[in-house]
Amino acid sequence: MEEMFKTLPQHTSSWLKGKQTLYKYQDVWNHEKFHAGGILARQSFKARSNDVFLCSYPKSGTTWLKALAYAIVTRKKFDASTSPLLTTMPHNCIPTLDKEIEQIIEKHPNTSRFAPIATHLPYNSLPESIRASNCKIVYVYRNVKDVIVSYYHFMREIYKLPMEDAPFEEAFDEFCQGFSVYGPYWDHILGYSKASLERPETTLFLKYEDMQKDPISNVKRLAEFIGYPFTAQEAKEGVIESIIKMCSFENLSNLEVNKTGLGEGSIVPENRFYFRKGKVGDWENYFTDEMIEKIDKLIDEKLSSTGLALK
Ligand code: A3P
């Protein structure tokens, strides 16, 4: 693969001071490592019809979705005082297809029904067996302006660049041009949106902002969709609220594992990078009028066919 990467178009991010180079493979920009994971997943992963995939563009709410899905699926085994989520960061509770393919393949046939698997792979880059089967896909998305701000800080932290050395304007321009991990962002959301129109019964779109506004209905929808609906008794006993509380930003971001844990072997060296503010609308502190105009135009141009409220 090393030789193959040398032949691909490359992009080195100027705002990250040359610390990150992305490669374009089959229309997707990414790190070599994640491309390699995706290639391996396509070669070797065989989905089962009852698998559930948690899909997202990075910085759209993946960590939260993983925590919620894990808490829902394991609620008979653990409660809010015994859940592994209290000591293990959500990314280590639910594996990611394109990052941990070897471990997934090893465990996959033995995992319980509906044990969810996460991925940032674009729809067209998923293993064929996922696209050809009746697997369920949950896609979490978020106002792209907040995605860009979140992405900016995440990358800046990974590459240890203080804000004054990492101009937001440049990060914004690169993102808009499609130079971002698993980018272009537009193609990512468009791919899943098209797929959901073709197979609506197997795809659930959840919106980060809606989950913040109305967590109860969204968690219920998620549980039902992945095959673990709450019973009336559970609803009465407050199980839904308790899961929401356990998986809240306030709770997770204050757990020791998420404050000081290290991402061994990961390109993300510290778990805390996944927990920044967890708020809706932080973009207002970063976007100029010109940026708002540019991004709104891009959303209209590229994503109006999705019917999703992305502004
Ligand atoms: P901010 O950078 O805006 O704070 P991902 O999980 O896809 O990498 O997305 C990370 C974003 O989700 C970050 O947004 C992070 O703070 C936020 N986040 C992480 N855990 C969360 C939770 N439990 N509830 C709400 N938001 C959360």
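Keep in mind throughout that the model is predicted.

**The ligand**

Begin by selecting the ligand together with the 18 residues that surround it, of which K59, T62, T63, S150 and K277 are the closest. By class this shell has 7 nonpolar, 7 polar and 4 charged residues, and the largest share, 3 residues, comes from helix 3. Helix 14 also supplies at least two residues of the shell, as helix 3 does.

At T62, an N or O atom of the side chain is 2.6 Å from an oxygen atom of the ligand.

Which pocket does the ligand sit in? The ligand sits in the second largest pocket, which has a volume of about 680 Å³. Select its lining of 38 residues and centre the view on G61, T62, T63, Y208 and Y274, the residues that lie nearest the centre of this pocket. Colouring the lining by class gives 21 nonpolar, 10 polar and 7 charged residues. Helix 7 (144–158) contributes the largest share of this lining, 5 residues, while helix 3, helix 10 (208–213) and helix 14 (249–253) are among the elements that each supply at least two.

**The largest pocket**

Now move to H91, N92, I94, P95 and E100, which lie nearest the centre of the largest pocket, a space lined by 37 residues. Its volume is about 910 Å³. Two or more lining residues come from each of helix 2 (32–44), helix 3 (62–73), helix 4 (90–93) and helix 5 (101–107), with helix 3 giving the largest share, 4 residues. The lining comprises 18 nonpolar, 12 polar and 7 charged residues.

How many cavities of 30 Å³ or more does the structure hold? There are 2. For the largest, with about 80 Å³ of space, select the lining residues Y25, Q26, V28, N30, F34, H35, G38, R42, L121, P122, S125 and Y182. Helix 2 gives the most to this lining, with 4 residues, and strand 3 (28–30) supplies at least two. The lining residues divide into 6 nonpolar, 5 polar and 1 charged.

For the second largest cavity, of about 30 Å³, select W15, I148, Y151, Y152, A171, E174, F175 and F179. Helix 7 and helix 8 each give two or more residues to this lining, in which 7 residues are nonpolar, none is polar and 1 is charged.

**Two backbone stops**

Most residues other than glycine have a negative phi, and most peptide bonds are trans. Select K59 in the loop between strand 4 (52–56) and helix 3; phi of K59 is near 75°, a positive value in a residue other than glycine. K59 is also one of the residues closest to the ligand. Finish at P184, in the loop between helix 8 (168–177) and helix 9 (185–198), where a cis peptide bond joins G183 and P184, with omega about 0°.

Technical notes. Residues numbered from 1 in each chain as written. Predicted model: local features only at pLDDT ≥ 70, side-chain atom pairs only at ≥ 80, totals over all residues. Heavy atoms only, no water. 1 Å grid on protein atoms, 1.4 Å probe; cavity = no way out; pocket = protein on both sides within 12 Å on 5 of 7 lines; lining within 4 Å. Points joined across faces, edges and corners; volume = space filled by probe spheres on them. Nonpolar A, V, L, I, M, F, W, Y, C, P; charged D, E, K, R; others polar. Near = heavy atom within 4 Å. Polar contact = N/O pair within 3.5 Å; in protein donor to acceptor, adjacent residues only side chain to side chain. Sits in = over half its atoms within 2 Å of the grid points.
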